[in-house]
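Q: Hi! Could you walk me through this one?
A: Happy to, here it is.

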Amino acid sequence: MTFKNFIYIIILTIAAATLGGCRGAKLSVANEQFERGEYFDAQKTYRKVYNKLTKKEQRLERGGVAYQMGLCYDKLGMSARASSAFANAIRYGHPDSTALLLMGKSLQAEGKYAQAQKAYEEYLQKDPTSALAENGLAGCRFALAQKGKPTRYVVKNAKLFNSRRADFSPMFIDPAAADVLYFTTTNEKVSGSRKSEITGMKKGDIWMARQNEKGEWQRPEPVEGELNSELDEGIISFSPDGSTMYLTKARREPNANTGVEIYTSQRSDAKWSAPVKYEITADTISSYGHPAVSPDGKWLYFTSDMPGGSGGKDLWRVNLRERQGSLENLGEFINTPGDEMFPFVRTDSILYFASNGHPGFGGLDIFKATLTKSGGWKVENMGQPVNSSADDFGITFGKGESGFFSSNRTDGRGYDHIYSFILPDLEIWISGWVLDKDEEPVPNAVIRIVGNDGSNQKAVAKPDGSFRFPLQRGISYVMLAGAKGYLNAKQEFTSDTAEEDAEYGVDFILASINKPVVVDNIFYDFDKATLRPESKTALDELAQVLRDNPNVTIEMASHTDRWGSEAYNIDLSGRRAKSVIDYLISVGIKADRLQSQGYGKSRPKTITKKLARIYPQFKEGDVLTPEYIEALSEEDQEVADQINRRTEFQVLSIDYQMY
């Protein structure tokens with residue numbers, strides 16, 4: 001727990017009254033400490049009282065003291081101690097059923113979601129209308145549903161900024177430069193000498209760190225000037241020009257409740273002036289803290305428990321230029337019966353804040369709120385690893401999707417530390433190969449890719465035919481590959497919209513201009529020239545090749561096997577080639593670009609490298625003549641005859657022009 005928890009202050013008069021009748025000066029001292037918000041001192045005093053209440057007839061009193069200790073630990077951010085204390089309060093029969101609610105909250109902050117759910121459900125049996133219990137239950141379900149589903153944010157402990165005490169609420173003085181970072185610290189070198197009765201640590205000061213010319217962060221140091229004092233200072237924001245600092249400062253008076261107020265300090269020659277109170281309203285009882293100035297300098301957002309809110313701590317704003325009558329509560333989309341704190345205004349329509357009132361992982365979670373067209377707010381949990389079961393709060397953004405925030409995760413004593421975060425750019429690629437019809441690499445092929453976002457890329461395939469392009473998600477692309485001596489080939493696709501790294505595979509098979517190209521999967525009925533329906537896919541692909549290469553004319557040739565007379569096979573193959581031409585014309589290919597020819601059995605196929613790979617019984621270069629085939633086994637003869645029965649095209653010219 002740190003100075004951030006000053007704004008947590010809730011004077012639980014009912015709880016204090018429950019113990020008011022207990023005997024012993026130490027208990028009255030503890031209650032007074034608690035009511036002033038001196039939680040660190042109060043828990044120590046309560047512990048002494050608790051240890052003395054050992055008799056059987058003191059069980060009820062012991063439960064009441066355990067409850068008060070739990071409240072102190074809750075304020076100090078010591079979740080494990082808090083859940084244990086509330087469990088003891090329940091065990092000793094403390095009558096206030098909120099012990100169940102608060103135990104659920106503490107268990108949730110420990111990440112013990114199943115146990116927390118049980119506590120919330122038991123409390124809801126006693127108070128079915130409790131919005132806080134319903135929210136806690138929803139948060140546990142949310143956390144369990146999100147298990148194993150982290151966002152792409154990368155979070156790291158910013159060890160250079162962190163001390164052995166609490167360091168939190170980082171803020172860039174200039175987010176665009178993001179090279180000077182301010183934050184609040186309670187390290188042992190702060191200006192005050194006395195430890196806080198609230199936190200047990202030294203009182204907070206504002207420190208800063210700079211980047212050097214290499215972009216490396218240097219060790220933090222206190223800000224210069226009259227800013228820091230014996231009191232707590234921290235949780236800051238800056239005017240757009242960086243000349244005015246808005247800060248939270250403790251309000252401490254003898255025997256009075258602890259509160260916080262907003263002050264301003266002016267910068268001159270790298271030094272900051274003594275803080276001056278910023279008057280928001282005439283209300284001197286409520287707390288006002290966690291200032292956040294909008295990027296245009298018009299609004300000051302802040303946290304307060306002033307009347308007129310939704311319960312707990314709410315986010316408010318006031319117009320810095322027209323303060324009178326401009327005070328606004330951010331409303332029900334943002335504020336809940338829980339606590340909303342630590343605002344950060346990124347743009348005029350994007351607000352970040354911490355809350356334990358919206359469903360989350362436990363403790364405070366960081367939320368992103370986006371202003372909608374209807375004037376409401378869309379609120380989203382930032383997910384893990386930005387959020388944890390502990391307190392996560394005080395975010396600031398620098399360049400792009402990167403910055404710092406604070407959290408007391410993994411610290412059993414409740415100390416806050418600063419963490420860096422960054423959302424890496426999505427790694428989306430398309431890669432593949434440019435090959436010829438025999439699946440051999442086409443070297444030096446040129447690939448162009450055009451997206452419907454206006455992007456236009458060009459690259460040359462490597463000698464092995466491979467290529468790779470970076471893409472954007474959710475974009476439709478058209479790709480065209482071509483090479484000297486080959487026809488162009490086109491591909492179309494749309495990249496996924498999912499926020500995850502991806503690599504797409506696309507291969508281009510280029511048809512040679514200089515040698516016949518077999519069109520696979522052309523089928524005819526036996527002894528007929530009529531195309532079978534399953535030939536349509538291959539023929540449509542051929543038609544698209546001709547559309548992608550509008551200056552090309554081709555000869556469409558059909559070949560038969562060795563059976564039958566020469567005249568019969570010439571006639572059959574000619575009619576079959578003509579059937580293909582007729583189909584291409586029917587789908588829009590100009591007739592003067594097409595010639596048909598039947599070769600019968602006069603041109604036996606020569607085995608290519610691809611065919612030799614498919615049919616290892618043949619060697620590359622073998623010619624499937626009748627004499628060669630007749631020397632094969634009966635099974636291999638059938639395969640050879642099948643290879644010879646083919647339809648193929650040959651480019652005749654590449655200078656066709658349509659008039």
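A: A definition to begin with: buried means under 20% relative accessible area, exposed means over 50%, and partly exposed is in between, with a 1.4 Å probe and protein chains only. This is a predicted model, where local features need pLDDT of at least 70, side-chain atom pairs count only at pLDDT 80 or more, and totals for chains, interfaces and linings use all residues. Residues are numbered from 1 along each chain as its sequence is written, and side-chain values use heavy atoms, with hydrogens and water left out.

Q: Thanks! How much of the chain is buried?
A: Of its 659 residues, 52% count as buried.

Q: And what is the radius of gyration?
A: The chain has 38 Å, while a compact globule of 659 residues would have a value near 26 Å. That radius is taken over C-alpha atoms, and the globule rule is 2.2 Å times the number of residues to the power 0.38. Along the principal axes, the C-alpha atoms fill a box of roughly 120 × 65 × 45 Å.

Q: How many helices and strands are there?
A: There are 13 helices and 33 strands. Both are DSSP runs numbered from the N terminus: helices are H or I with at least four residues, strands are E with at least two.

Q: On to charges. How many salt bridges does the structure hold?
A: It holds 26 salt bridges, each one a side-chain nitrogen of Lys or Arg within 4 Å of a carboxyl oxygen of Asp or Glu.

Q: Which residue does Glu261 meet in a salt bridge?
A: Lys277, at 3.0 Å from N to O. This pair links distant parts of the chain, 16 residues apart: Glu261 lies in strand β8 (residues 259-268) and Lys277 in strand β10 (residues 276-277).

Q: Is Glu261 buried or exposed?
A: Glu261 is buried, because its relative accessible area is 8%. Lys277 has 33%, so Lys277 is partly exposed.

Q: What about Arg532, which partner does it have?
A: Arg532 meets Glu534 in a salt bridge, 2.8 Å from N to O. Glu534 is partly exposed, with a relative accessible area of 39%, and Arg532 is partly exposed too, at 32%.

Q: And which residue forms a salt bridge with Lys578?
A: Asp582, with the closest N and O atoms 2.8 Å apart.
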